[in-house]
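Dear colleague,

I am passing on the structure we spoke about, and I would be grateful if you could look through it alongside the notes that follow.

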Amino acid sequence: MIRFDYEEPRTLAEASAVLKAHAGRASVLAGGTDLLVEIKEHLRRVHCVVNIKRIPGLDAVTFDAATGLRFGALTTARRIELDADVARHHPGLRQATRELGSIQVRHRATVVGNVCRASPSADTLPPLIADGAVIEIGNGTSTREMLLEDFFTGPGKTALQPGELVLAIRLPPAPARTGRIYIKHGRRRAMELATVGVAVSITLDEARICTKARIALGAVAATPIRARDSEAALEGRVVDATIIAHAADLAMAASRPISNVRASAAYRREMVSVLTRRALEQALATIP
């Protein structure tokens with residue numbers, strides 16, 4: 001084990017000061033399911049570990065019909081997985097947390113930690129983006145917000161500035177007659193990184209015309225991406241098999257995958273089309 005400094009700040013201001021003092025060489029500890037393994041296996045060289053578990057209020061989960069869902073930086077994946085409001089209003093996010101590691105991991109891993117890891121294949125990112133998530137960022141003296149889809153700047157890279165922490169994630173309430181789904185494809189049934197992940201949020205009016213669509217893709221670009229051309233192809237139309245197939249092809253065209261040990265780029269592109277079609281069909285089937 002490599003020696004490193006260890007800090008346990010009791011306030012956001014203290015945490016921010018420590019992060020600034022170490023000038024980008026500090027690592028934040030929340031769940032620790034990635035960080036501690038990487039330290040032990042010498043995959044990450046750390047100069048300072050900042051444990052934020054003693055900062056009050058970061059584990060809160062609230063839901064309001066008017067403002068939506070909000071959960072703090074210390075909220076575990078397991079808590080989101082079991083939350084009744086999440087299951088009712090954000091089933092794609094619930095499914096994504098169920099796909100995250102093992103049940104032991106989910107009892108410790110935080111959703112915000114999964115987000116800040118900024119892995120293109122992270123399970124929670126597509127459904128959060130599809131559901132319009134907003135991320136709250138603070139440094140102890142000021143706060144700012146941004147759409148989660150704008151938070152990622154590259155693999156493992158985010159828009160966090162020196163001294164900043166992610167405080168919480170907010171999800172707006174779902175409109176009536178909205179179907180949401182997340183589908184992950186991998187080589188194994190469990191404990192697997194996504195080869196491709198597709199999340200869909202689609203809203204229909206009483207005439208079954210699509211009034212709003214959001215499609216988010218994971219593991220097929222340097223960051224999670226929106227399939228905006230697919231969304232535009234759906235909105236304003238009665239969604240039938242032909243429109244779904246066209247939207248799936250547009251999603252495939254939007255993907256920019258690489259080849260690696262889990263799959264070739266060509267296979268990933270094809271699976272984007274297949275999973276987008278399936279996700280749309282399954283989301284639509286949930287709308288009465």
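How do the residues of the lining of the largest pocket divide into nonpolar, polar and charged? In this predicted model, the lining comprises 23 nonpolar, 16 polar and eleven charged residues. The pocket itself has a volume of about 1,600 Å³, and of the 50 residues that line it, Asp34, Arg44, Gly113, Cys116 and Arg117 lie nearest its centre. Two or more lining residues come from each of strand 2 (26–29), helix 2 (35–40), helix 7 (111–117), strand 9 (157–158) and strand 10 (165–171), with helix 7 giving the most, at five residues.

The other point concerns a pair of helices. Helix 10 (residues 241–254) packs with helix 11 (residues 265–285) at an angle of about 140°, and their axes are 8 Å apart. Angles over 145 degrees would count as roughly antiparallel, and the two helices are therefore classed as oblique to each other; their crossing is right-handed. On the helix 10 side, the contact is made by Ile244, Ala247, Ala248, Asp249, Ala251 and Met252, which meet Arg269, Glu270, Val272, Ser273, Thr276, Arg277, Leu280, Glu281 and Leu284 of helix 11. Taken by class, this contact has eight nonpolar, two polar and five charged residues.

With best wishes

Terms used: Residues are numbered from 1 along each chain as its sequence is written. This is a predicted model: local features need pLDDT of at least 70, side-chain atom pairs count only at pLDDT 80 or more; totals for chains, interfaces and linings use all residues. Side-chain values use heavy atoms; hydrogens and water are left out. Axes are lines fitted to C-alpha atoms, for helices over the stretch in contact, and angles run from 0 to 180 degrees between N-to-C directions. Helices (H or I, at least four residues) and strands (E, at least two) are DSSP runs, numbered from the N terminus. Angles under 35 degrees count as roughly parallel, over 145 as roughly antiparallel, 65 to 115 as roughly perpendicular and the rest as oblique. A crossing is left-handed if the near helix is turned anticlockwise from the far one by less than a right angle, and right-handed if clockwise. Contact means heavy atoms within 4.5 Å. Ala, Val, Leu, Ile, Met, Phe, Trp, Tyr, Cys and Pro count as nonpolar, Asp, Glu, Lys and Arg as charged, and the others, Gly among them, as polar. On a 1 Å grid over the protein atoms alone, a cavity is a set of points where a 1.4 Å probe fits but cannot get out, and a pocket is an open set with protein on both sides within 12 Å along at least five of seven lines; lining residues have an atom within 4 Å of a point. Grid points are joined across faces, edges and corners, and a volume is the space filled by probe spheres set on the points.
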